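Visitor: Please put the structure up, and then I will ask about it.

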Amino acid sequence: LWDVTNGTQLRVFSGATDTVICAEFSPNDGTFFASVGVDCTIRIWHGYAGFCIKEFTGTLIADDFEVAEYDLAYSPDGTVIACGLYDGNNEIWRIGLLDIKTAE
């Protein structure tokens, strides 16, 4: 996490097992953010404390889905995350919705 006003590094978040492609802050108060990356795991992070509070793995795509691009976004109320995954080999987009409270 960086301070964009002066370029100072504020915090390093550890836990992803591969490259993180996308991160998005919750619209509620900006305390939490979600990330998704090459390991195909959505993680919910506490931005101030610097730790992962929840992981969602294998809820969005089949194991044989070779992902080329990723994106995610919170719903306006911050309770659902939409995650888009693109298979460049087969030119297929898959969209997953994840309810943060129920993990479904």
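**Questions on the model**

Guide: Leu 1 lies in the segment before strand 1 (2-3); strands (E, at least two residues) and helices (H or I, at least four) are DSSP runs, numbered from the N terminus. This is a predicted model, where local features need pLDDT of at least 70, side-chain atom pairs count only at pLDDT 80 or more, and totals for chains, interfaces and linings use all residues. Residues are numbered from 1 along each chain as its sequence is written, and side-chain values use heavy atoms, with hydrogens and water left out.

Visitor: Is Leu 1 buried, partly exposed or exposed?

Guide: Buried means under 20% relative accessible area, exposed over 50%, and partly exposed in between (1.4 Å probe, protein chains only). Leu 1 has 35% relative accessibility, so Leu 1 counts as partly exposed.

Visitor: Which residue forms a salt bridge with Glu 55?

Guide: A salt bridge is a side-chain nitrogen of Lys or Arg within 4 Å of a carboxyl oxygen of Asp or Glu. By this rule the count is one. The closest N and O atoms of the pair are 3.0 Å apart, and the partner of Glu 55 is Arg 43.

Visitor: How many residues apart in sequence are the parts that this pair ties together?

Guide: Glu 55 lies in strand 6 (residues 51-57) and Arg 43 in strand 5 (residues 41-46). The pair therefore ties together parts whose separation in sequence is twelve residues.

Visitor: Which of the two is buried and which partly exposed?

Guide: Glu 55 has a relative accessible area of 45%, so Glu 55 is partly exposed. At 4%, the buried one is Arg 43.

Visitor: Which elements give two or more residues to the lining of the largest pocket?

Guide: A pocket, on a 1 Å grid over the protein atoms alone, is an open set of points where a 1.4 Å probe fits, with protein on both sides within 12 Å along at least five of seven lines; lining residues have an atom within 4 Å of a point. The lining of the largest pocket includes Phe 13, Val 20, Phe 33 and Trp 45. The elements that give two or more residues are strand 3 (20-25) and strand 4 (32-37).

Visitor: What percentage of the residues in the protein chain is buried?

Guide: The protein chain has 104 residues. The buried share is 34%.
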